[in-house]
Amino acid sequence: MKLYNTLTKRKEEFIPLKPGEVKMYSCGPTVYDYFHIGNARPFIIFDILRRFLEYRGYKVIFVQNFTDIDDKMIRRANEEGKTVAEIAEKYIREYYVDAHGLGIKDPTYAPRATENIDAIIDMIKTLVDKGYAYVVDGDVYFKTSKFEEYGKLSGHRLEDLELGARIEVDERKENAMDFALWKAQKPGEPAWDSPWGKGRPGWHIECSAMANRYLGETIDIHSGGQDLIFPHHENEIAQSEACNGKPFARYWLHNGFININNEKMSKSRGNFFTVRDIAKHYDYEVIRFFLLSAHYRSPINFSDALLEQAKSALNRIYECRDNLRFFLSKAEKDTFEEDIYGNLDIYRDRFIEAMEDDLNTADALAAIFELVREINTRITANAGKKTISKALDLLDELTGVLGIMRKEYENDLDENIRALIEERQKARAERNFKRADEIRDQLRKMGIELQDTPQGVKVVRK
């Protein structure tokens with residue numbers, strides 16, 4: 001498998017440190033609000049990477065953190081008259097609602113920054129002792145000039161860096177690019193005891209300490225959104241490698257941005273959408289499918305029209321699966337016809353080839369749609385059970401890697417819908433076609449399409 005490594009700026013063969021095992025860290029949410037569609041992309045993409053690695057036989061130890069203490073959280077707590085801990089609890093719960101809706105698997109470990117204060121303090125103490133950090137009035141700063149490789153991820157040379165929007169100007173710092181490892185307590189802020197007085201950790205050190213605690217000093221993969229390359233991931237490398245004297249992460253993966261109707265998403269433009277808002281209009285699975293439709297490193301444009309296309313495309317896969325299940329339930333022969341099944345297995349090879357080429361989900365989906373077309377062409381109600389079952393297993397296998405096609409429509413029909421279907425069947429048997437058509441139209445308005453076939457009535461969810 002080849003992955004594009006942001007650190008080396010090229011695709012590289014993926015070789016884990018320990019054969020058969022992958023240690024992977026992905027930056028999680030700052031839990032002060034519902035997460036937006038831009039956040040959803042890395043959550044979904046790196047969930048897919050984890051799933052594919054597991055599909056290929058690796059044991060994956062996957063860590064995704066919660067940042068549950070920072071300036072944004074303190075500000076939100078003050079706005080709502082709550083504690084930071086209450087804000088964190090609320091939005092961690094809400095994260096899981098949306099994440100599970102999107103089909104994102106729970107990480108192996110989901111550490112919170114506030115549960116790792118001791119590990120954070122230990123790391124900062126080591127950096128101070130080694131001369132990579134210094135203390136000013138209870139604040140602790142990382143000395144960027146001492147880390148000679150600073151800038152190797154982003155490509156920025158320290159001497160060429162200009163102050164950015166996220167770099168606070170502070171005359172107490174030795175260098176403008178030095179960043180906070182520990183922040184002295186301000187009035188009304190949550191704080192923890194430390195060798196430098198009461199305070200709280202800086203954002204960057206949180207991830208380094210949690211990755212180190214749960215995965216070790218050197219990990220296989222570190223991932224996140226493109227916006228995290230600088231300064232967050234750059235700073236993680238500096239403090240982790242300065243502390244441990246070892247490479248921090250061997251492969252760095254970053255996804256591209258999301259534009260909204262061809263414009264950059266921002267609250268000021270009024271085009272800022274949370275996943276929760278979008279899910280009021282589109283199923284979570286449609287959102288997931290949409291985000292898989294482009295290569296993860298490419299920018300992707302978000303619009304209602306594209307979501308409608310994703311919905312339609314996803315339905316085509318469901319229809320194929322439902323047809324196979326219907327045929328299987330009605331099949332009379334327990335046979336396998338190689339001439340009918342044909343070369344469907346080649347689509348597994350195409351799928352794997354796409355995924356092993358830097359996680360190309362767009363081409364992987366194309367392989368699935370080629371499989372769907374072949375199934376629709378080759379497999380009919382006259383096929384044997386073993387033929388149909390083999391095709392169904394293959395479709396479930398490939399869509400399962402992508403975490404799509406998770407719904408069981410026929411099993412979730414409520415009692416009212418089932419009663420209407422039975423009433424229609426009775427009306428048809430009594431040749432009361434007017435009533436049968438009325439029920440059919442009523443069900444269609446409820447999103448249920450009935451298809452009369454020689455093998456019986458097929459229920460299709462629209």
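In the predicted model, N65 is in contact with Y25, S26, C27, G28, P29, P111, C207 and M210, its neighbours within four places in sequence being left aside. The residue is found in the loop between β4 (59–64) and α2. N65 has a relative accessible area of 1% and is therefore classed as buried, the limit being 20%. T30 lies 35 residues from N65 along the chain, and the C-alpha atoms of the two residues are separated by 8.9 Å.

A contrasting position is provided by D452. This residue belongs to strand β14 (residues 448–453) and counts as partly exposed, at 32% relative accessibility. Not counting residues up to four places away in sequence, D452 touches R424, R428, R440 and V457. C27, one of the residues in contact with N65, is 425 residues from D452 in sequence, and the C-alpha atoms of D452 and C27 are 50 Å apart in space.

The overall organisation is as follows. The protein is divided into domain 1 (2–255), domain 2 (302–402) and domain 3 (415–461). The centres of domain 1 and domain 3, taken over C-alpha atoms, are separated by 55 Å. The C-alpha trace spans about 90 × 50 × 35 Å along its principal axes. The secondary structure comprises 15 helices and 15 strands. Of the 462 residues, 52% count as buried. Among contacts with a separation of 6 or more, 76% are accounted for by residues 24 or more positions apart.

Helix packing was examined for α1 and α13. Two packed helices are described by the angle between their axes and the distance between the axes. Helix α1 (residues 37–55) packs against helix α13 (residues 385–402) at an angle of about 135 degrees, and the two axes are 7 Å apart. Because this angle falls between 115 and 145 degrees, α1 is oblique to α13. On the α1 side, the contact is made by I48, R51, F52 and Y55. The residues contributed by α13 are E397, L398, G400, V401 and L402. By class, six nonpolar, one polar and two charged residues form the contact of α1 with α13.

Across the whole structure, a search finds 41 salt bridges. One of these joins E80 to R76, with the closest N and O atoms 3.7 Å apart. Both residues lie in helix α2 (residues 71–80), four residues apart, about one turn of the helix. E80 is partly exposed, with a relative accessible area of 30%, whereas R76 counts as buried at 15% relative accessibility.

A further salt bridge is formed by E241 and K152, whose closest N and O atoms are 2.8 Å apart. This pair links distant parts of the chain, 89 residues apart: E241 is in helix α6 (residues 229–244), and K152 is in the loop between β6 (139–142) and β7 (179–184). E241 counts as buried at 13% relative accessibility, while K152 is partly exposed, with a relative accessible area of 26%.

The side chains of R444 and E449 also meet in a salt bridge, at 3.1 Å from N to O. R444 counts as partly exposed at 40% relative accessibility, and E449 is buried, with a relative accessible area of 17%.

Most residues other than glycine have a negative phi, and most peptide bonds are trans. A cis peptide bond joins F230 and P231, with omega about 5 degrees. P231 is placed in helix α6, the helix that also holds E241.

Positive phi values occur at K9 and M405, neither of which is a glycine. For K9, phi is near 65 degrees. K9 is located in the loop between β1 (2–5) and β2 (10–13) and is partly exposed, with a relative accessible area of 41%. For M405, phi is about 60 degrees. M405 is found in the loop between α13 and α14 (415–429) and counts as buried at 7% relative accessibility.

Technical notes:
Residues numbered from 1 in each chain as written. Predicted model: local features only at pLDDT ≥ 70, side-chain atom pairs only at ≥ 80, totals over all residues. Heavy atoms only, no water. Axes fitted to C-alpha atoms, helices over the stretch in contact; angles between N-to-C directions. Helix = DSSP H or I, 4+ residues; strand = E, 2+ residues; numbered from the N terminus. Parallel < 35°, antiparallel > 145°, perpendicular 65-115°, else oblique. Contact = heavy atoms within 4.5 Å. Nonpolar A, V, L, I, M, F, W, Y, C, P; charged D, E, K, R; others polar. Salt bridge = Lys/Arg side-chain N within 4 Å of Asp/Glu carboxyl O. Buried < 20%, exposed > 50% of the residue type's maximum accessible area, 1.4 Å probe, protein only. Domains from an automatic or database assignment.
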